[in-house]
Amino acid sequence: MKTNKDWDILIVGSGLYGATCAHELTQKGYRCLVLEKRMNIGGNCYTENRDGINLHLFGAHIFHTSNQRIWDWITQFAKFNHYHHTVKVDFEGKRFSFPPNLETFNQLWGVKTPEDAKKKLEEVRFKGAIDDSLEDYALSNVGEEIYNIFIKGYTEKQWGQAPKTLPSSILKRIPVRLNYNDSYFSDIHQGIPIGGYTPIIEKLLKGSEVRMGVDYLSNREHFNSMAKKVLFTGAIDAFCDYQFGKLLYRSMHFKHYCHEIEDFQGLAVINYTSAAVPFTRIIEHKHFELGTQPVTWISEEYPEAHSASSEPMYPVRDTDNLAKLTQYQGHLSTDAYKDYYFGGRLAEYLYYDMHQAIGGALKKSEQIAKDLANS
Ligand code: FAD
């Protein structure tokens, strides 16, 4: 690219990754132009205020990290409350504590002590040969009853695949505890920004020019001519015109409802694990900010195959797709792309939590600043 440009860097995508880079680079004096194809900033972290309640319109977002540097960084932009994430499971009308803990084992089997729960788990777990599938991992750790109630139906709905065909790594995120700790996350810090995530993104984008409803890929030559360098946070396969094939994603659509009552379900998230219920979760947004409004907003989450009309959400990182990813990464590491940077959950085809997206963006913006200083 030539150096006589209006902008130092063109950032494609105003999600948490792009917005973090925009903030860091404007702070260092670089001119950033941000293009966003949606009509909202913040990507999937976007929140919208309705009736005084901040709705997580693209799925529940709980901030959690054990990285002190990331926590200090994000809390510059918002005050976080002490929301502590716990989840209940609804299976055929019965409610259970989740992730599995002593309360759950008491509800299922009447056991009261860690020792008795351990014995029962040992008794029920499958002890034969297993493969690396999610199903075998679950059966060999917690047995058939827990697998059927908590994992099987939910996983089939979430991934649209039999658990036998999915890797065990998906389930390894979920702890099984022999005490009454029902915390979903084990991190040192967790909470929800008071006022939602959108005000954070607005602060991060301050000082950058942001153009909404603009798809970079629809006119990339024109946009490239405007800046010295490009940071692309969209889908890596789309950037390469799918030349090695499409990377598979799972998507989701949401149905949002307002109820004229104070409290619909008593907490923020209930997982519906039965295959007979078409959605996987109901989110009641006011509980994230301990709201006391006279009405409440809930969202049902319906997993679905990713299509042209839906957002790519969860990468399906199986052997086939990882092989394609390697081809894309190889292609983009050539000299032809030396003025481009790729980062974020879509460009890296990674399931990134928010603290990881920020961590990656802070590192990337240091590299970009160094390259701009030398250019
Ligand atoms: P995105 O948020 O996807 O932003 C990318 C942006 O780029 C989008 O706005 C997109 O429109 C834009 N874009 C793409 N292509 C183009 C183009 N060609 N031109 C212009 N713009 C383009 N993390 C947690 O820590 N806790 C949680 O509880 C949590 N819950 C989640 C629930 C769901 C349902 C999902 C999907 C994710 C969740 N996450 C959670 C992860 C979190 O959303 C991500 O870490 C974060 O959004 C990553 O930011 P990003 O900028 O990489 O991606």
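Me: Where is proline 99 found?
Reply: Proline 99 is in the loop between β7 (94-98) and α3 (102-109). Helices here are DSSP runs of H or I with at least four residues, strands are runs of E with at least two, and both are numbered from the N terminus. Keep in mind that this is a predicted model, where local features need pLDDT of at least 70, side-chain atom pairs count only at pLDDT 80 or more, and totals for chains, interfaces and linings use all residues. Residues are numbered from 1 along each chain as its sequence is written, and side-chain values use heavy atoms, with hydrogens and water left out.

Me: Which residue does a cis peptide bond join to proline 99?
Reply: Phenylalanine 98, and omega of that bond is about -5°.

Me: Is glutamate 92 buried or exposed?
Reply: Glutamate 92 counts as exposed, at 63% relative accessibility. The cut-offs: buried is under 20% relative accessible area, exposed is over 50%, and partly exposed is in between (1.4 Å probe, protein chains only).

Me: And tyrosine 242, what's its phi?
Reply: Tyrosine 242 has a positive phi of about 55°, although it is not a glycine. Its place is in the loop between α8 (236-239) and β11 (249-259). Tyrosine 242 is partly exposed, with a relative accessible area of 37%.

Me: Zooming out, how many helices and strands does the protein chain have?
Reply: The secondary structure comes to 10 helices and 16 strands. The radius of gyration is 22 Å, close to the 21 Å that the globule rule gives for 375 residues, so the chain is as compact as a globular protein of that length. That radius is taken over C-alpha atoms, and the rule is 2.2 Å times the number of residues to the power 0.38.

Me: What box do the C-alpha atoms fill?
Reply: Roughly 75 × 50 × 35 Å, taken along the principal axes.

Me: What share of the residues is buried?
Reply: Of the 375 residues, 55% count as buried. The chain exposes about 17300 Å², and carbon and sulfur atoms supply 51% of that. The areas come from the Shrake-Rupley method with a 1.4 Å probe, and for residues only the protein chains shown count as cover.

Me: What about contacts between residues at least 6 apart in sequence?
Reply: Among those, 73% join residues at least 24 apart. A contact means heavy atoms within 4.5 Å.

Me: Charges next. How far apart are the mean positions of the positive and negative ones?
Reply: They are 4 Å apart, for 42 positive and 46 negative charges. Lys and Arg count as positive, Asp and Glu as negative, while His and the chain ends are not counted. Each charge is placed at NZ of Lys, CZ of Arg, CG of Asp or CD of Glu.

Me: How many disulfides?
Reply: The count comes to 0, taking a disulfide as a pair of cysteine sulfur atoms within 2.5 Å. Cysteine 240 is in no disulfide, and the nearest cysteine sulfur, that of cysteine 21, is 19 Å away.

Me: Cysteine 240, buried or exposed?
Reply: Cysteine 240 is buried, with a relative accessible area of 5%. Cysteine 258 is partly exposed, at 30%.

Me: What does serine 208 touch?
Reply: Leaving out residues up to four places away in sequence, serine 208 touches Ala22, Thr26, Cys32 and Val34. Serine 208 is in the loop between α6 (198-205) and β9 (209-212), and is buried at 13% relative accessible area.

Me: Where is glycine 143 found?
Reply: In helix α5 (residues 134-159). Glycine 143 counts as buried, at 1% relative accessibility. Not counting residues up to four places away in sequence, glycine 143 touches Val124, Arg125 and Ala138.

Me: Last one: methionine 39, buried or exposed?
Reply: Methionine 39 is exposed, with a relative accessible area of 69%. Its place is in the loop between β2 (32-36) and β3 (47-50). Methionine 39 touches Met212 and Gly213, again not counting residues up to four places away in sequence.
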